[in-house]
Amino acid sequence: MEVDTFILYVEKDKNLDITTRSLQCHGFTNITLVKGIVRKENKSKIVYSSWLKFLNENKNRFDKDIMLVEDDCIVMVKKDKMQSKIKQNKINSVFYQKLLKNKDEMYQVGAQGIYIPHNKIENFIDQLNKSTPIHFDRWLGRLDDIHYPCKPKEWGVEIPGSTKLWTDSYSGVRI
């Protein structure tokens, strides 16, 4: 089964190359680079705003499953294995670093990859459009239909020492 993979990046650098190569080595062939929104204010909302813009601009072009990946991820799972474990009726968090609980809310940290079955894309975009932009990891944790088909760091890890503007918790910014 084919999947269109989109890598969100701020700068074309070695991290982007590592992410792209790790995807290719594991069988992901339909890869497109997506330039993220760069701005000084609201840095914790860059990923959310960038994916929202990209998905809205391209929502009528998706004809298969999609995977949204940040540019600071080393992929460690073959595409076929991943696709055998994902749920077609759920949004699948496939590359993340840990799960945390804050009061009654569960959220993930380091959500570098989200696999969205074709039949869930429209709903995913609708949910993004209806929500107030917040840190993307935290927003994903609020979804009723989120599924974790793997353990944290099992299928992908953050590139050590990556220095992007992406945040790694909803309360702080790495720069």
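The discussion below concerns the salt bridges.

Mentor: This is a predicted model, in which local features need pLDDT of at least 70, side-chain atom pairs count only at pLDDT 80 or more, and totals for chains, interfaces and linings use all residues. Residues are numbered from 1 along each chain as its sequence is written, and side-chain values use heavy atoms, with hydrogens and water left out.

Trainee: How many salt bridges does a search of the whole structure find?

Mentor: A salt bridge is a side-chain nitrogen of Lys or Arg within 4 Å of a carboxyl oxygen of Asp or Glu. Searching the whole structure by this criterion gives a total of five.

Trainee: Which residue forms a salt bridge with K53?

Mentor: The closest N and O atoms of this pair are 3.0 Å apart. The partner of K53 is E57.

Trainee: Which residues are linked with K64 in a network of salt bridges?

Mentor: K64, in the loop between α2 (46-58) and β3 (65-70), pairs with a residue of strand β1 (residues 3-9) that is 60 residues away, at an N to O distance of 3.6 Å. K64 also forms a salt bridge with D63, the closest N and O atoms being 3.7 Å apart. The residues linked with K64 are therefore D4 and D63.

Trainee: Is D4 buried or exposed?

Mentor: Buried means under 20% relative accessible area, exposed over 50%, and partly exposed in between (1.4 Å probe, protein chains only). Because its relative accessibility is 15%, D4 counts as buried.

Key
Helix = DSSP H or I, 4+ residues; strand = E, 2+ residues; numbered from the N terminus.
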